[in-house]
Amino acid sequence: MKKKRKLKVRHFNKQYPIHQSPLYRLSSLKKLSVLLAMPLKDIRKLNGNNDSRYNVFTNKDDREIQEPFNEIYVIHNKLASLLSRIDTPTYLHSFKKQYSHITNSKTHLGSEQVITFDIKAFYQNITQDKIRMFFKNDLKCSPDIAFLLSKICSYDNHLPTGSQVSIYLNFLVNRTMFDEMHSLAETLKICLTVYADDVTISGEKVDMGMLNTMSKIVERHGHTINKQKTRKYSNNQVPVITGIALCNGKTQPTNEKFKELRQKSNFLLRVSNDLDLDFLKKESMSLDGTLNYFSQLSSEVPKSTLEARDRLAKLLGI
């Protein structure tokens with residue numbers, strides 16, 4: 001069963017230290033029921049196995065997604081809203097206001113050398129017990145509350161891949177690990193940024209020795225660096241960081257992104273007269289989104305894309 005509507009994570013432009021969170025030192029089920037706006041008797045029912053409350057499917061990248069629905073979805077949304085207000089360091093660029101995958105890549109402009117890597121099976125290795133320890137040790141919740149929250153936030157004993165709460169817990173549960181990596185980077189006078197499970201280090205000189213030291217920190221915290229997705233770029237190469245190329249001191253879409261856009265634009269110019277209106281509306285919205293993306297990168301758009309956009313606008317009477 002899928003959720004009927006998408007709820008927004010509401011941070012209300014609030015940012016505060018972790019000790020000011022309403023979840024901090026939480027020890028009462030009654031207070032938890034108020035925070036979650038859920039009857040106490042229903043909260044107690046969540047202490048068992050909640051796996052049946054997830055819609056599990058495989059996405060286009062062949063990745064399994066575990067998406068909560070109904071009351072678990074609503075609870076995750078409320079918890080995500082609370083967790084999103086906890087202050088995070090400036091080296092983290094994922095899922096917070098004024099930060100994005102674009103700011104993540106821009107931070108490394110001008111670097112002579114770059115290494116990018118991600119953490120293998122990141123969500124699967126964020127176990128229920130690690131989540132419990134975060135609520136117990138970092139948020140100082142009572143043991144019973146910490147255990148209950150870890151049950152609520154877990155699927156099959158790990159952080160679910162398709163939940164709103166996961167995009168905040170994936171960092172908060174592992175903050176000590178990322179802080180250690182950042183402290184090492186500062187000591188070595190190199191730049192480090194984090195975007196979910198993607199880590200980038202850059203500077204005048206970054207070598208595999210630095211990566212090996214980072215790897216030891218990651219392993220000490222129960223994770224592993226994905227060697228197959230690790231890339232080292234020297235000063236005569238174009239680094240690609242969170243899907244964005246750094247070229248001649250500027251950020252721009254990758255060559256693959258340009259190629260895909262040209263192919264789609266040429267396709268629409270050829271057959272747009274034969275397509276139904278619903279499909280044209282979807283393609284028009286997609287092109288608008290792409291144009292906005294290119295604009296954020298101050299990147300020139302292929303001429304064929306502008307022609308395709310104008311053709312669709314004419315057909316749709318926009």
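**Figure 1. Tyrosine 99 in the loop between H3 and H4.** Tyrosine 99 is partly exposed, with a relative accessible area of 28%; buried means under 20% relative accessible area, exposed over 50%, and partly exposed in between (1.4 Å probe, protein chains only). The residue is found in the loop between helices H3 and H4. Helices (H or I, at least four residues) and strands (E, at least two) are DSSP runs, numbered from the N terminus. The structure is a predicted model, in which local features need pLDDT of at least 70 and side-chain atom pairs count only at pLDDT 80 or more, while totals for chains, interfaces and linings use all residues. Residues are numbered from 1 along each chain as its sequence is written, and side-chain values use heavy atoms, with hydrogens and water left out. Apart from neighbours within four places in sequence, tyrosine 99 is in contact (heavy atoms within 4.5 Å) with Thr90, Leu92 and His93. Tyrosine 195 lies 96 residues from tyrosine 99 in sequence, and their C-alpha atoms are 9.7 Å apart in space.

**Figure 2. The four-stranded open sheet.** Four strands in the order S4-S5-S3-S6 form an open sheet with antiparallel pairing; two strands pair if DSSP finds at least two bridges between them. Strand S4 (191-195) and strand S6 (231-233) stand at the edges with a single partner strand each, so one side of each has no neighbour in the sheet. From one strand to the next, the twist averages 15°. Within the sheet, strand S3 (residues 113-118) and strand S5 (residues 198-203) run antiparallel and are joined by six bridges. Phenylalanine 117 stands opposite valine 199 in S5.

**Figure 3. Helices H8 and H9 lying across the sheet strands.** Helix H8 (residues 175-187) lies across S3, S4 and S5 and runs at about 160° to S4. Axes are lines fitted to C-alpha atoms, for helices over the stretch in contact, and angles run from 0 to 180 degrees between N-to-C directions. Helix H9 (residues 208-220) lies across S3, S4, S5 and S6, running at about 30° to S3.

**Figure 4. The packing of H5 against H6.** Helix H5 (residues 128-138) and helix H6 (residues 143-152) pack at an angle of about 140°, and their axes are 8 Å apart. The two helices are therefore oblique to each other; angles under 35 degrees count as roughly parallel, over 145 as roughly antiparallel, 65 to 115 as roughly perpendicular and the rest as oblique. The crossing of H5 and H6 is right-handed. Gln128, Ile131, Arg132, Phe135 and Lys136 of H5 make the contact with Pro143, Ala146, Phe147, Leu149, Ser150 and Lys151 of H6.

**Figure 5. The covering of helix H6.** Seven of the ten residues of H6 are buried, and the helix is mostly covered. The buried residues are Ile145, Ala146, Leu148, Leu149, Ser150, Lys151 and Ile152. Their cover includes helix H1 (29-36), helix H2 (40-44), strand S1 (54-58), H3 and H5.

Figure 6. S1 and S2 pair in the antiparallel sense over five bridges. Phenylalanine 57 has isoleucine 65 in S2 as its bridge partner. Strand S2 (residues 64-68) is mostly covered, with four of its five residues buried. Five residues lie between the strands of the hairpin, in which aspartate 62 takes a positive phi near 65°.

**Figure 7. Two loop residues with positive phi.** Most residues other than glycine have a negative phi. Phenylalanine 95 has a phi near 55°, a positive value in a residue other than glycine. This phenylalanine is found in the loop between helix H3 (70-83) and helix H4 (101-106), and phenylalanine 95 counts as partly exposed at 37% relative accessibility. Lysine 189, also not a glycine, has a positive phi of about 60°. Lysine 189 is placed in the loop between H8 and S4 and is exposed, with a relative accessible area of 73%.

**Figure 8. The three-stranded open sheet.** Three strands in the order S7-S8-S9 form an open sheet, and their pairing is antiparallel. Strand S7 (240-241) and strand S9 (250-253) are the edge strands, each pairing on one side only. Strand S8 (residues 244-247) runs antiparallel to S9, and four bridges join the two. Threonine 251 in S9 is the bridge partner of leucine 246.

Technical notes. A crossing is left-handed if the near helix is turned anticlockwise from the far one by less than a right angle, and right-handed if clockwise.
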